[in-house]
Amino acid sequence: MLVICAASGVAAAAHGAAPQPLSAVGTLQPGLWQLQAEGEAPRRICVGDTSALVQIRHAGTPCSRLVIADQRSSATVHYSCPGAGWGRTTLKVVTPRSATIDTQGIAGNAPFAFTADARRMGDCPTKSASLNESRYNR
């Protein structure tokens, strides 16, 4: 099982300001999350900043964001990562420990599109394996 650390969130908007917190991701609890996309093995990610869940195909990549919709139970964000691609994600909160992530875009010069069920599994391990992000983004 892969465990990835994504402690810091998504980079700021194009003007360099800190990204505004999203209402929907603010209701989610940080910790160890399992992502399950249909037809793929479950993946685990250690999330310190829950806004990282809107940018899972470009985890750790500095990107600008455009918030399209932001409600307490869902958010839609378009993000652009210079030289790395872009994505559009809709995150729907089910509970503070469960969400659905619908995302599509371009990563590694190839299109991607998937829906994943995300569930908080508990606290992050004290020592997580540090893996190359490209191994996660397959």
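User: How much of the chain is made up of buried residues?

Analyst: Burial is read residue by residue, against a cut-off of under 20% relative accessible area. Here, buried residues make up 41% of the 138 residues in the chain. Keep in mind that this is a predicted model. The accessible surface comes to about 7,300 Å². Carbon and sulfur atoms hold 51% of that surface.

User: What is the average pLDDT of the chain, and where does pLDDT fall below 50?

Analyst: pLDDT is the predictor's confidence in each residue, from 0 to 100. The chain averages 81, and 77% of the residues score at least 70. Over residues 1-17 the pLDDT is below 50. That stretch still has 55 contacts in the model beyond near neighbours in sequence. Residues 129-138 also stay under 50. For them the model has 19 contacts beyond four places in sequence.

User: In what order do the elements run?

Analyst: Read them from the N terminus. The order is β-α-β-β-β-β-β-β-β-α. That gives two helices and eight strands. Now look at sequence separation. Take the contacts with a separation of 6 or more: residues 24 or more positions apart account for 53% of them.

User: Which strands pair with β8, and in what sense?

Analyst: A pair of strands needs at least two bridges between them. Strand β8 covers residues 110-122 and pairs with strand β2, residues 31-37, in the antiparallel sense over six bridges.

User: How many residues lie between β7 and β8, and what is the phi of G108?

Analyst: Two residues lie between the strands, which form a hairpin. G108 is in the turn and has a positive phi of about 60°.

User: Take T103. Where is it placed, and why does it count as buried or exposed?

Analyst: T103 is in strand β7. Compare its relative accessibility with the cut-off. T103 counts as buried because its relative accessibility is 2%, and buried means under 20%.

User: Which residues does T103 touch, and with which side chain does its own side chain make a polar contact?

Analyst: Leave out residues up to four places away in sequence. T103 then touches Y79, R88, T89, F112, A113 and F114. Of these, F112, A113 and F114 fall within the residue range of β8. The polar contact is with T89, side chain to side chain, at 2.8 Å.

Notes:
Residues are numbered from 1 along each chain as its sequence is written. This is a predicted model: local features need pLDDT of at least 70, side-chain atom pairs count only at pLDDT 80 or more; totals for chains, interfaces and linings use all residues. Side-chain values use heavy atoms; hydrogens and water are left out. Helices (H or I, at least four residues) and strands (E, at least two) are DSSP runs, numbered from the N terminus. Buried means under 20% relative accessible area, exposed over 50%, partly exposed in between (1.4 Å probe, protein chains only). A polar contact is a pair of N or O atoms within 3.5 Å; within protein, one must be able to donate a hydrogen and the other to accept it, and residues adjacent in sequence count only if both atoms are side-chain atoms. Contact means heavy atoms within 4.5 Å. Accessible areas come from the Shrake-Rupley method with a 1.4 Å probe; for residues, only the protein chains shown count as cover.
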